[in-house]
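Subject: Structure handover

Hi,

Here is the structure you asked about. Please open it next to this email and follow along.

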Amino acid sequence: MIKVSIIIPVYNMAHYLKQSLDSVRNQTLKDIEIICINDCSEDNSLDILMDYASKDKRFVILNLNENRDQGYARNLGIMRANGEYIMFLDPDDWYEVTACEDAYNEIIKNNDDMVFFGMTLYDAEKKKYSVGYKHYHSSLQALKKSTNVKESFIPYCGFSVVKIYKRDFLLTNDCKFTETRCGEDRPFAVKTTLKAKKISFLDKKLYYYRINQNDNKRKRILNERTWQEARSNVESMLSLIVDNDKDCEFSIRCINLMIKFYLGHLKEFLLLYKNDKNKIYKQIHDFLINVNKIYNVKDIYDSEQ
């Protein structure tokens, strides 16, 4: 029986891919499948994937005929997965060798819908390791001590990769990624946390997250299309919160996260699209006005400072 399905969307990541694939191939938990979705890569990523699959039958390679982005690829992986549980890995990151075993043991121990675990950052330019994002780390510490994890967790819930999920839970609640390039995992992260009845925290750093790599990731993200996608994803998060429990602490902190996420992308896009700044400013203004009809934005923002 397959215990864990690991889903890896791949697009032009040949430079980092072998380290990522080695980290899953060498997992101490052997009853896994590794679903790699090649999203029309233009480098030799597919050749690398096929080579690994020829040597290890646990690798399943799905080759897309057109570029569909990682949200689509992850959703396809969920539907094709045979494992009882699901984990996600980005092709430029990698796992601790015990990641699947530790996460699996934790989620079956309490029959959880999902389990959070920690991460280590790797700065590719400085070649240094550090503790995962401070606000994320502190929220996980609060989660560990909490009797109500939804109300204690949030300052950074956007990561889908530092969790293990029960596959039946994802399917039953129709938890899907948006099929976009920018922020596709944030609505997914919000929905899974809102819908989960049982969540646990594993106090181990099992995921290595690569930052500041000199590749095409940011270039691929920053364009007019993805600005609109970022707006759409933030608005999807708002709808999810309002449709569930808009007054709980988790939802209020989500609103703060959404505003920071939106403003963060605003700064990036304004640097690239200076001629469109008036249109972009109007869009963020209209969004905040709409949020303020439901929540007092100033009070929420001030409470988080």
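Predicted model: local features only at pLDDT ≥ 70, side-chain atom pairs only at ≥ 80, totals over all residues.

Met114 stands opposite Tyr165 in β8. Strands β6 (114-123) and β8 (residues 163-166) run antiparallel and are joined by 3 bridges. Two strands count as paired if DSSP finds at least two bridges between them.

Residues are numbered from 1 along each chain as its sequence is written, and side-chain values use heavy atoms, with hydrogens and water left out.

β8 is covered on both faces. Lys163 and Tyr165 are buried on one side, Ile164 and Lys166 on the other. Buried means under 20% relative accessible area, exposed means over 50%, and partly exposed lies in between (1.4 Å probe, protein chains only). β8 also pairs with β4, again antiparallel, over 3 bridges. There, Tyr85 has Lys166 as its bridge partner.

Ser160 sits in the loop between α6 (149-152) and β8. Its relative accessibility is 0%, so Ser160 counts as buried. What does Ser160 contact, leaving aside neighbours within four places in sequence? The list is Arg74, Phe88, Tyr165, Phe177, Asp185 and Phe188. Contact means heavy atoms within 4.5 Å. Ser160 and Phe88 are 72 residues apart along the chain, yet their C-alpha atoms are separated by 6.9 Å.

**Strand β1**

In β1 (4-10), 7 of the 7 residues are buried, so the strand is largely enclosed by the rest of the structure. Val4, Ile6, Ile8 and Val10 point one way. Ser5, Ile7 and Pro9 point the other way. In general, side chains in a regular strand alternate between the two faces of the sheet.

β1 has parallel partners. With β4 (residues 85-88), β1 pairs in the parallel sense over 4 bridges. Ile6 has Met87 as its bridge partner there.

β1, α1 and β2 form a right-handed β-α-β unit. Right-handed means that, with the strands pointing away from the viewer, the path from the first strand over the helix to the second runs clockwise.

**Helix α2**

α2 covers residues 45-55. Ser45, Ile48, Leu49 and Tyr52 are buried in it. Seen down the axis, the buried residues of α2 fall within an arc of 100°, so they line one face of the helix. The arc is that of the directions from the helix axis to the C-beta atoms. The face turned away from the buried side carries the exposed residues Asp47 and Ser54.

**Helix α12**

α12 (residues 277-292) has 16 residues. From first C-alpha to last, α12 reaches 22 Å, close to the 22 Å expected at 1.5 Å a residue. That expected span is 1.5 Å times one less than the number of residues. Ile280, Gln283, Ile284, Phe287 and Val291 are buried in α12. They cover an arc of only 90° around the axis, which puts them on the same side of α12. Asn278 and Lys282 are exposed on the face turned away from the buried side.

**Two loop residues with positive phi**

Asn111 is not a glycine, yet its phi is positive, near 55°. Asn111 lies in the loop between α4 (99-110) and β6. Asn111 is partly exposed, at 46% relative accessibility.

Asp174 is not a glycine either, and has a positive phi of about 50°. Asp174 lies in the loop between α7 (167-172) and α8 (185-195). Asp174 is partly exposed, with a relative accessible area of 44%.

**The chain overall**

The chain has 13 helices and 9 strands. Of its 305 residues, 54% count as buried. Of the contacts with a separation of 6 or more, 80% are between residues 24 or more positions apart.

Best wishes
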